[in-house]
Amino acid sequence: MSAPANDVQDYVGFDTITQQMERKFLKRGFNLNVILVGESGMGKSTLVIRKTTEIAPVTQMLEENGVRVKLTIVDTPGFGDQCNNEGCWVPVIKYIKDQHAAYLERELKPNRERIIVDTRVHACLYFLNPGSRGLRPLDVEVLKRLTEVTNVIPVIAKSDSMTIEERTAFKRHIKEELAFHRIMLFPYASDDDADDDRVLNASIRELIPFAVVGSEEVIEVEGKLIRGRRHGWGVINIFDETHSDFVHLRNFMLRTHLSDLIEVTSQRHYEQFRTSQLRQIKELRAQQAAAAASGGAPPAQPQVPLSVMQHQPMTQV
């Protein structure tokens with residue numbers, strides 16, 4: 001039996017908007033920009049990219065089932081390697097703000113691009129030294145500064161240097177110190193979270209800091225090839241969840257929270273930067289108007305957004 005005419009006419013079709021959005025995002029793809037921060041020898045390059053001698057992005061295009069992700073990894077070599085590390089975080093913070101400034105400059109152009117190239121940093125993997133007894137004063141200082149400008153995810157590097165018991169105790173101690181110093185990490189709690197999101201985020205917070213092992217070596221174990229490390233006492237398989245949190249970290253960033261990382265960067269960190277910069281531009285224009293009204297020489301009119309004047313972007317490679 002056919003449906004009544006009024007039922008057919010009542011169907012508008014706006015429920016297809018999710019399909020429209022899916023086609024749009026599939027066509028455009030996603031950008032995920034991750035910065036690595038930690039002292040040399042912590043396995044940053046082994047975990048994800050080649051070694052570098054300067055702050056420089058390396059980009060890889062990933063594709064899975066028609067979904068494209070442009071993954072850019074930015075290493076920060078030399079961080080915390082000096083006897084006096086005062087201010088060693090400045091180049092890292094500057095790089096992150098440079099990307100905000102570059103995005104704001106493109107956004108404020110009268111004839112801006114339809115799709116603005118997004119180089120904003122969506123996540124920071126902060127590598128903790130497993131040989132330390134906890135957070136060093138430098139770690140506390142840098143983590144507090146980084147959480148003001150980006151989504152920070154702490155990682156215990158080279159976790160195979162500890163026994164399972166030592167790793168569990170170290171993770172618990174780091175959690176306690178992070179809470180004591182009120183260091184807010186991603187994912188952030190929100191009253192808007194649905195019940196399933198709260199459960200998922202709670203499980204992620206239980207894993208933080210992620211204890212990871214990186215390896216470029218492929219070895220054979222019982223006739224199977226795995227990526228891992230061979231020790232005198234046995235073999236570490238970096239994809240074995242009982243050996244390393246690498247799979248949990250990968251799933252967290254690429255499977256369950258990719259969209260959240262991008263969205264929080266835009267709505268929280270970038271929006272704070274943008275508001276601050278536009279407020280400064282407004283204040284400058286008010287000074288110009290006041291100077292012109294009093295007959296004095298007005299401040300020079302900037303030819304580019306104030307954000308770019310204060311944060312000259314680094315050269316992209």
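Contact means heavy atoms within 4.5 Å. Buried means under 20% relative accessible area, exposed over 50%, and partly exposed in between, with a 1.4 Å probe and protein chains only. Helices (H or I, at least four residues) and strands (E, at least two) are DSSP runs numbered from the N terminus.

The model is predicted: local features need pLDDT of at least 70, side-chain atom pairs count only at pLDDT 80 or more, and totals for chains, interfaces and linings use all residues. Residues are numbered from 1 along each chain as its sequence is written, and side-chain values use heavy atoms, with hydrogens and water left out.

**Exercise 1. State the overall content of the chain.**

Step 1. The chain has ten helices and nine strands.
Step 2. Of its 317 residues, 42% are buried.
Step 3. Take the contacts between residues at least 6 apart in sequence: 69% of them join residues at least 24 apart.

**Exercise 2. Work out the strand order of the open sheet of six strands and the pairing within it.**

Step 1. Two strands pair if DSSP finds at least two bridges between them.
Step 2. The order is 2-3-1-4-5-6, and the pairing is mixed. Strand 2 and strand 6 are the edge strands, each pairing on one side only.
Step 3. Strand 2 (residues 56–64) runs antiparallel to strand 3, with nine bridges. P57 has V74 of strand 3 as its bridge partner.
Step 4. Two residues lie between the strands in the hairpin of strand 2 and strand 3, where N65 takes a positive phi near 50 degrees.
Step 5. Strand 1 (residues 30–37) and strand 3 (residues 67–75) run parallel and are joined by seven bridges. V34 stands opposite I73 in strand 3.
Step 6. Strand 1 is also parallel to strand 4, through four bridges; here V37 is partnered by Y126 in strand 4.

**Exercise 3. Describe helix 6 and find which of its residues are buried and which are exposed.**

Step 1. Helix 6 covers residues 164–180, 17 residues in total. From first C-alpha to last it reaches 24 Å, close to the 24 Å expected at 1.5 Å a residue; the expected span is 1.5 Å times one less than the number of residues.
Step 2. Its buried residues are R167, F170, K171, I174, E177 and L178. Viewed down the axis of helix 6, these fall within an arc of 130 degrees (taken from the directions from the helix axis to the C-beta atoms), so they line one face of the helix.
Step 3. On the other side of helix 6, the exposed residues are E165, A179 and F180.
Step 4. The cover over the buried residues of helix 6 includes strand 4 (123–128), helix 5 (137–147), strand 5 (152–156), helix 7 (195–207) and strand 6 (210–211).
Step 5. Just after helix 6, R182 has a positive phi of about 55 degrees.

**Exercise 4. Identify what the buried residues of helix 5 pack against.**

Step 1. L138, D139, V140, V142, L143, L146 and T147 are buried in helix 5.
Step 2. They pack against helix 4 (90–108), strand 4, strand 5, helix 6 and helix 9 (258–294).

**Exercise 5. Find the residues that line the second largest cavity.**

Step 1. On a 1 Å grid over the protein atoms alone, a cavity is a set of points where a 1.4 Å probe fits but cannot get out, and lining residues have an atom within 4 Å of a point.

How values were computed
On a 1 Å grid over the protein atoms alone, a cavity is a set of points where a 1.4 Å probe fits but cannot get out, and a pocket is an open set with protein on both sides within 12 Å along at least five of seven lines; lining residues have an atom within 4 Å of a point.
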